[in-house]
Amino acid sequence: MENFISEYGPLFGIGAFMIVIFPLSAYMAKRQREKIKQTAMQLGLQFNEGMKMPFLGVGGWNVTGKYEGVDVFFETFKRGSGKNKKTYTRFRAYFAQPFNSGLHISREGLGSKLMQKIKGKDIQTGNPDFDNKFLLKANSEANVIPVLLRPDLQQALIRFFNDFKGSHIQDDAIEFVARGTVYDVDRLRTIFGEMTRLTKMFKV
């Protein structure tokens with residue numbers, strides 16, 4: 001009997017741990033999902049269920065809809081693996097009309113190596129105070145340069161990227177990534193308020 005316990009005891013311990021941790025994880029995820037549903041309703045947005053994980057009964061989700069007349073989206077995702085795995089929230093505010101120019105804008109330094117791998121021509125506006133702060137790429141300058149030459153938009157971009165580090169702009173949307181799961185309604189109003197305000201300043 002003692003041999004049996006010493007040999008198989010750890011397995012029973014692991015089994016007991018799994019029996020406790022899985023229902024607890026499912027419960028916490030369900031509570032969080034309900035809070036996000038409530039937040040989406042307060043913002044006038046739609047909560048969309050994702051594919052559920054069979055053993056937990058939970059799964060992915062996203063929130064979509066219009067905020068201040070602009071199509072918006074947010075979801076959570078994970079980066080890393082094992083103990084280094086972390087949760088992030090991705091936000092997007094879409095342009096009324098995509099540029100269709102291969103546009104990519106990010107802050108100089110943050111993600112610069114990644115941006116340098118993106119295909120497209122490096123572009124300049126002629127304003128060194130602005131150009132030195134950003135990495136700008138596009139396959140065609142025709143639709144992009146006239147927009148980026150505007151001083152009011154340049155200043156708005158500088159302010160936005162200062163306040164929302166981890167942002168970038170692509171052909172069809174402004175994207176911001178925040179650490180953790182964001183569902184506080186006041187913070188979401190701030191994030192989407194600034195993103196949609198900037199989105200409206202882009203005119204093709």
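Modeller: The protein chain has six helices and nine strands. Helices (H or I, at least four residues) and strands (E, at least two) are DSSP runs, numbered from the N terminus. This is a predicted model, in which local features need pLDDT of at least 70 and side-chain atom pairs count only at pLDDT 80 or more, while totals for chains, interfaces and linings use all residues. Residues are numbered from 1 along each chain as its sequence is written, and side-chain values use heavy atoms, with hydrogens and water left out.

Colleague: What makes a residue count as buried or exposed?

Modeller: Buried means under 20% relative accessible area, exposed over 50%, and partly exposed in between, with a 1.4 Å probe and protein chains only. Of the 204 residues of the protein chain, 37% are buried.

Colleague: Which residues is Glu108 in contact with, leaving aside its neighbours within four places in sequence?

Modeller: They are Asn132, Lys133, Phe134 and Leu135, where contact means heavy atoms within 4.5 Å. The C-alpha atoms of Glu108 and Asn132 are 7.1 Å apart, although 24 residues separate the two along the chain. For the chain as a whole, 57% of the contacts with a separation of 6 or more are between residues 24 or more positions apart.

Colleague: How do you know that the span of helix 5 agrees with what it should be?

Modeller: The expected span of a helix is 1.5 Å times one less than its number of residues. Helix 5 (residues 151-163) has 13 residues and should span 18 Å; its end C-alpha atoms are 19 Å apart, so the two agree. Helix 6 (residues 185-201), with 17 residues, reaches 24 Å from first C-alpha to last, close to the expected 24 Å.

Colleague: Which residues of helix 5 are buried?

Modeller: Leu153, Gln154, Ala156, Leu157, Ile158, Phe160 and Phe161. In helix 6, the buried residues include Leu188, Ile191, Phe192 and Met195.

Colleague: What makes two rings an aromatic pair?

Modeller: Rings of Phe, Tyr and Trp (its six-membered ring) pair if their centres lie within 6.5 Å; planes under 30 degrees apart count as stacked, over 60 as edge-to-face and the rest as tilted. That rule gives 16 aromatic pairs. Phe160 and Phe161 make one of them, with centres 5.8 Å apart and planes at 80°, so the pair is edge-to-face.

Colleague: Why is the pair of Phe160 and Phe164 called stacked?

Modeller: The ring centres are 4.9 Å apart and the planes meet at 25°, which is under the limit, so Phe160 and Phe164 are stacked. Both residues are buried. Ring pairs also link a cluster whose members include Phe160, Phe161, Phe164, Trp61, Tyr67 and Phe192.

Colleague: How do you know that the charged end of Arg90 sits over the ring of Phe77?

Modeller: A charge sits over a ring if NZ of Lys or CZ of Arg is within 6 Å of the ring centre and within 35 degrees of the ring normal. The charged end of Arg90 is 4.0 Å from the centre of the Phe77 ring and sits over it. Arg79 likewise has its charged end over the ring of Tyr88, 4.9 Å from the centre.

Colleague: What makes strand 3 and strand 4 a pair?

Modeller: Two strands pair if DSSP finds at least two bridges between them. Strand 3 (residues 70-79) and strand 4 (residues 86-94) have eight, so they pair, in the antiparallel sense. Phe73 has Arg92 in strand 4 as its bridge partner. The two strands form a hairpin with six residues between them, and Gly80 in the turn has a positive phi of about 90°.

Colleague: Why is Glu68 called exposed?

Modeller: Its relative accessible area is 52%, which is over the limit, so Glu68 is exposed. Glu68 lies in the loop between strand 2 (58-67) and strand 3. Its phi is positive, about 55°, although Glu68 is not a glycine. Most residues other than glycine have a negative phi.
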